[in-house]
Amino acid sequence: MGPMALPHWLARVNLAFGNALLRPFTGILPGFGVLEHVGRRSGVRRQTPLTVFRHGERYVIALTYGPDVQWVKNVLAAGRCRVRNRGRWVTLTSPRRFSDPQRREVHFLVRPVLALLRVSEFLELQLA
């Protein structure tokens, strides 16, 4: 069993349909956000809805589709991104991938869901 629970085909379906439907809501709901990143080869600006947890000046994002998705590679390559969280845009820098099998960096109510999905990889960013 690998570290990623959600299959890549689901990520492609979500990218095609789900993101467009969820994007207006995820930027304002607690525990969710919209990450804006720039394609490292295309230069195209994209927005991805995701789960995001704020800890002071640190933001932690659960990598529900694993660490090898394009937006993670783009953020790591750029060293920065923007996130709309609770209705406002913030610039984040210094991305760092890490493993946390106990999921200590997320809200305790979310831990069982991430455990069920076998999500233990995260991305940490700092408020610019």
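Helices (H or I, at least four residues) and strands (E, at least two) are DSSP runs, numbered from the N terminus. The views show a predicted model, in which local features need pLDDT of at least 70, side-chain atom pairs count only at pLDDT 80 or more, and totals for chains, interfaces and linings use all residues. Residues are numbered from 1 along each chain as its sequence is written, and side-chain values use heavy atoms, with hydrogens and water left out.

**View A. The end of helix α2.** Just after α2, G79 adopts a positive phi of about 75°. Helix α2 spans residues 70-78.

**View B. The closed barrel.** Six strands form a closed barrel in the order β1-β2-β3-β6-β5-β4, with antiparallel pairing; two strands pair if DSSP finds at least two bridges between them. Neighbouring strands of this sheet are turned by 45° against each other on average, direction ignored; axes are lines fitted to C-alpha atoms, for helices over the stretch in contact, and angles run from 0 to 180 degrees between N-to-C directions.

**View C. Strand pairs around β4 and β5.** Strand β1 (residues 32-38) is joined to the antiparallel β4 by 3 bridges, and E36 has R82 in β4 as its bridge partner. Between the antiparallel β4 and β5 there are 6 bridges; R84 is partnered by W89 in β5. The hairpin of β4 and β5 has 2 residues between the strands, and R86 takes a positive phi near 55° there. A further 6 bridges link β5 to the antiparallel β6, where R97 stands opposite L123.

**View D. The buried face of α2.** W71, V72, N74 and V75 of α2 are buried (under 20% relative accessible area, 1.4 Å probe, protein chains only). Seen down the axis of α2, its buried residues fall within an arc of 160°, so they line one face of the helix; the arc is that of the directions from the helix axis to the C-beta atoms. These buried residues of α2 pack against β1, β2, β3, β4, β5 and β6, where contact means heavy atoms within 4.5 Å.

**View E. The nonpolar core.** A nonpolar core is a set of buried Ala, Val, Leu, Ile, Met, Phe, Trp, Tyr and Cys residues joined through side-chain atoms within 4.5 Å. In the largest one, of 17 residues, L35, I61 and W71 touch the most other members. Helix α2 gives the most to this core, with 3 residues. Not counting residues up to four places away in sequence, the contacts of L35 include I61, W71, V75 and V83.

Technical notes: Buried means under 20% relative accessible area, exposed over 50%, partly exposed in between (1.4 Å probe, protein chains only).
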